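Open the model in your viewer and keep the sequence beside it. This tour tells you what to select at each stop.

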Amino acid sequence: MPQTDLPPFFSRTANGDLQIEQVTASAIVDQFGSPTYVYSRAAIESAFNALTDAFGERAHRICYAVKANSNIGILSVLARLGAGFDIVSYGELARVQAAGGDPAKTVFSGVGKSADEIRGALAAGIGCLNVESEAELRRIAEIASEMQRIAPISLRVNPDVDARTHPYISTGLKDNKFGIAIDEALPLYEWAHTQPSLEIVGIDCHIGSQLTDVSPFRDAAERVMKLAHRLAERGIELKHLDLGGGLGIRYTDENPPPAADWIEAIRSVVDADPLAHDLPIWIEPGRFIAGPAGALVTRVEYLKPGRHKSFAIIDAAMNDLMRPALYGSDMAIVSAGRGDGDRLEATWEIVGPICETGDFLGHDRPFELGEGDLLAVLGAGAYGFSMASNYNTRPRAAEVLVDGDTCHEIRRREPLESLWALEQVPPAE
Ligand code: LLP
């Protein structure tokens with residue numbers, strides 16, 4: 001049974017309405033409509049600060065993984081806190097810049113960077129390209145040389161560590177497409193070292209997402225440090241260690257470690273090593289920062305009770321939040337405000353209006369519900385809106401950032417016509 005503790009900065013008013021900081025979900029829906037993604041600014045800041053505090057005096061950089069939630073309103077909050085960014089496309093770099101983030105504090109990950117993306121990133125003054133293959137390394141060397149620039153690079157090594165998470169979001173195993181096998185990285189570093197258009201600045205790994213145990217992080221850090229030693233023996237000096245993102249959050253009954261345990265697991269390896277003593281540690285967290293800060297608020301359109309199954313049909317769907325359909329993820333769904341409809345107690349399938357059986361946001365949820373009620377899917381701040389689509393020609397939801405008692409609409413609900421604005425009817429003949 002999914003538990004429904006509210007995350008920090010979420011609470012209930014005396015009459016049971018859900019409140020984000022000091023604003024009720026119903027006030028948000030009255031003003032911005034439904035469904036709407038709602039984020040707490042304080043929650044984002046407090047997650048970022050928890051990581052900063054865990055590093056203490058240790059030199060570090062927190063590169064927020066933009067893919068988790070790439071709204072420029074969210075990015076700007078993080079940029080103001082001094083965050084760096086982890087991006088996986090030129091588009092994400094453009095967002096970072098639009099939000100006031102610093103390309104020099106940005107790392108560019110991803111297995112398929114196009115030549116244009118590499119050129120664009122170098123022109124913008126990217127902090128580091130995390131290289132995922134020999135072919136990419138050669139391409140970067142060539143492009144940088146054509147541009148008469150020196151590309152700052154780090155090899156993303158695949159340490160072959162089992163992150164013990166969902167197979168779709170595990171990235172650090174030999175079987176995964178990511179990174180360069182750790183035992184094949186040395187000759188590539190040696191080659192890069194001879195290239196005038198490349199500057200080796202670091203070493204990088206990212207083993208997966210939604211990890212609820214810190215030991216794989218420790219194992220990966222150990223393997224990365226072993227390689228750093230072999231590089232040092234060959235006179236290849238690193239300027240940072242990037243140990244990726246991946247710290248999990250609580251969706252229902254998971255018990256992820258606190259931020260401090262994650263950082264401590266990394267530091268237990270790195271701080272003890274004289275080679276890494278002064279090396280800044282970079283991390284790339286996405287979900288931990290944005291996930292618990294957000295909820296998808298949605299209205300119950302219809303109740304369809306039945307002897308076999310009872311369906312609550314809501315106005316949000318798999319296009320708004322893909323995680324349940326795509327990964328079978330259980331996300332907590334809580335009541336967020338009462339409508340005027342007659343109330344009915346049942347175990348509900350929480351489903352959207354899309355024409356697919358996979359269109360559900362939750363199974364077997366016991367609730368007393370009425371039509372017009374509001375529900376909130378918790379933990380939806382990461383990989384929620386950023387993975388949304390327009391399937392079934394559904395405009396994407398509005399996004400609202402709550403700051404104390406103030407709401408900022410950080411993305412308008414999409415106007416319908418914008419969905420086909422780039423399309424054309426061909427001539428009749
Ligand atoms: N760095 C790299 C290179 C990554 O590939 C990722 C996530 C991160 C950092 C951030 O990981 P995080 O701290 O957020 O766990 N859509 C999936 C998650 C995909 C994660 C992909 N990579 C989900 O909804 O669970």
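Helices (H or I, at least four residues) and strands (E, at least two) are DSSP runs, numbered from the N terminus. This is a predicted model: local features need pLDDT of at least 70, side-chain atom pairs count only at pLDDT 80 or more, and totals for chains, interfaces and linings use all residues. Residues are numbered from 1 along each chain as its sequence is written, and side-chain values use heavy atoms, with hydrogens and water left out.

**Stop 1: a cis bond**

Select Pro35. Pro35 sits in the loop between helix H1 (25-32) and strand E4 (36-40). Look at the peptide bond from Ser34 to Pro35: this bond is cis, with omega near 0°. Most peptide bonds are trans.

**Stop 2: the strands around E14**

Step on to E4. Four bridges join E4 to strand E14 (residues 294-304), and the two run antiparallel. Two strands pair if DSSP finds at least two bridges between them. Find Tyr39: opposite it stands Gly294 in E14.

Now follow E14 to its other partners. With E19, E14 pairs in the antiparallel sense over five bridges. Ala295 faces Leu378 of E19 there. With strand E15 (residues 310-314), E14 has four bridges, again antiparallel. Val300 has Ile314 in E15 as its bridge partner. E14 and E15 form a hairpin, with five residues between them.

**Stop 3**

Select Tyr383 and Thr393. Tyr383 is in the loop between strand E19 (374-378) and strand E20 (398-403), and Thr393 lies in the loop between E19 and E20. Tyr383 has a positive phi of about 55°; phi of Thr393 is near 50°, also positive. Most residues other than glycine have a negative phi.

Which of these is buried? Tyr383 counts as buried at 14% relative accessibility, whereas Thr393, at 46%, counts as partly exposed. Buried means under 20% relative accessible area, exposed over 50%, partly exposed in between (1.4 Å probe, protein chains only).

**Stop 4: the ligand**

Select the ligand. Domain 1 (10-33 + 293-420) and domain 2 (42-286) both give residues to the shell around the ligand, so it lies between them. The domain bounds come from an automatic or database assignment.

Show the contacts. A ligand oxygen is 2.6 Å from an N or O atom in the side chain of Tyr383. For Ser209, the side-chain distance to a ligand oxygen is 2.4 Å. A polar backbone atom of Gly246 is 2.8 Å from an oxygen atom of the ligand.

Conventions. A polar contact is a pair of N or O atoms within 3.5 Å; within protein, one must be able to donate a hydrogen and the other to accept it, and residues adjacent in sequence count only if both atoms are side-chain atoms.
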